[in-house]
Amino acid sequence: MRQLNTTELESKTNNYFLDVEYANPDDVQNKLTQLINFLSSQDISKNILNRITEDHLDLYQKLEPLNDQSPERTKKAIIESLLTADLQGAFGYFLINKKFKEKRKFSAHYIDLSWKWYSKGHNYSEQQDGFNSYFLKPFKELFDWYLSESQTEKEADYFSYKSQEKVFEKLEKLEEILTKQGFGQEIIFNEIEELKQLTKKLNKKNWGEVIKGKFVDLALGGVLTKEAAIKAIEFITETELNLLQ
């Protein structure tokens, strides 16, 4: 499958999560394995999963060495430390991912987390309800937050919806400035629209390189002056450079 932009990814992941949530208990194993495989195959979602691990590394390190034979008091202490929805979401992801990495799976492979961690569920249906409440839904809510609200901090990070809106505002402001200065309106409009679309699918590093390349080409093609191109790049990327001189 091709790499999806944020809008496409949101729609696709919502469908995958819903498939897991409303699957028959016997089908959860296959549906959830498909979900994790999909998330791992897409650059944007893979980056989000890495960010969840980095941002909740302490919890990850506590959970990683545990197994079914770990003391109940250890599990209880971890559950009691989940004081925010974000921690609950990271907890859900880490344990789902641990299960995903196990090669031998069975019907209740994922949903029995509800029983093993919360003693919830005397049958598969009840276990699935507990699994959805304590693991799957919190994980989805955390994933959705990274996709929609998180800040783009590192070069490898992609732009969330909130970060995209800020970029779009700057691009529209730049289009207004360049148009008022008398540069080719239609060409500038088309380039700005393309940059908006690329903002939805490129990480910060690649996006910055595309910005530089586009405005260098506009200057070399005579659409912009060298000075205007430099100012445009600096305005959008918020970095100083002299690459055209």
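1. Leaving aside residues up to four places away in sequence, K170 touches F235, I236 and E238, where contact means heavy atoms within 4.5 Å. K170 sits in helix α9, residues 161–180; helices (H or I, at least four residues) and strands (E, at least two) are DSSP runs, numbered from the N terminus. With a relative accessible area of 22%, K170 is partly exposed. On this scale buried means under 20% relative accessible area, exposed over 50%, and partly exposed in between, with a 1.4 Å probe and protein chains only. The C-alpha atoms of K170 and S40 are separated by 32 Å, and these two residues are 130 apart along the chain.

2. A word on the model. This is a predicted model, in which local features need pLDDT of at least 70 and side-chain atom pairs count only at pLDDT 80 or more, while totals for chains, interfaces and linings use all residues. Residues are numbered from 1 along each chain as its sequence is written, and side-chain values use heavy atoms, with hydrogens and water left out.

3. Now the overall picture. The chain has twelve helices and zero strands. Its C-alpha atoms fill a box of roughly 70 × 30 × 25 Å, taken along the principal axes. The radius of gyration is 23 Å, whereas a compact globule of 245 residues would have one near 18 Å; this radius is taken over C-alpha atoms, and the globule rule is 2.2 Å times the number of residues to the power 0.38. Of the 245 residues, 47% are buried. Among contacts between residues at least 6 apart in sequence, 62% join residues at least 24 apart.

4. Which residues touch the most other members of the largest nonpolar core? They are I52, L63, F91, W117, F131, F135 and F139, in a core of 43 residues. A nonpolar core is a set of buried Ala, Val, Leu, Ile, Met, Phe, Trp, Tyr and Cys residues joined through side-chain atoms within 4.5 Å. The elements giving two or more residues to this core are α1 (6–21), α2 (28–41), α3 (43–55), α4 (57–63), α6 (85–101), α7 (113–118) and α8 (124–148). The largest share, eight residues, comes from α8. Apart from this core lies another, of 24 residues, with F183, I188, A228 and A232 among them.

5. Two residues show contacts in more detail. Not counting residues up to four places away in sequence, F131 touches V28, L32, I96, Y110, I111, L113, S114 and L136. Q29, in helix α2, is buried with a relative accessible area of 17%.

6. Helix α6 deserves a look of its own. Twelve of the 17 residues of α6 are buried, so this helix is largely enclosed by the rest of the structure. Among the buried ones are Q88, F91, N97 and K99. The buried residues of α6 pack against α2, α3, α4, α5 (72–80), α7 and α8. From its first C-alpha to its last, α6 reaches 24 Å, close to the 24 Å expected at 1.5 Å a residue; the expected span is 1.5 Å times one less than the number of residues.

7. Finally, the charged pairs. Side chains of opposite charge can pair when their charged atoms come close. A search of the whole structure finds 15 salt bridges, each being a side-chain nitrogen of Lys or Arg within 4 Å of a carboxyl oxygen of Asp or Glu. In one of them, K75 pairs with E72, the closest N and O atoms being 3.7 Å apart. Both lie in helix α5, three residues apart, about one turn of the helix.

8. Another pair spans two helices. E172 and K196 meet through their side chains in a salt bridge of 2.9 Å, N to O. This pair links distant parts of the chain, with E172 in helix α9 and K196 in helix α10 (residues 185–199), 24 residues apart. E172 counts as partly exposed at 40% relative accessibility, while K196 is buried at 13% relative accessible area. Elsewhere, K99, D112 and K116 are linked in a network of salt bridges.
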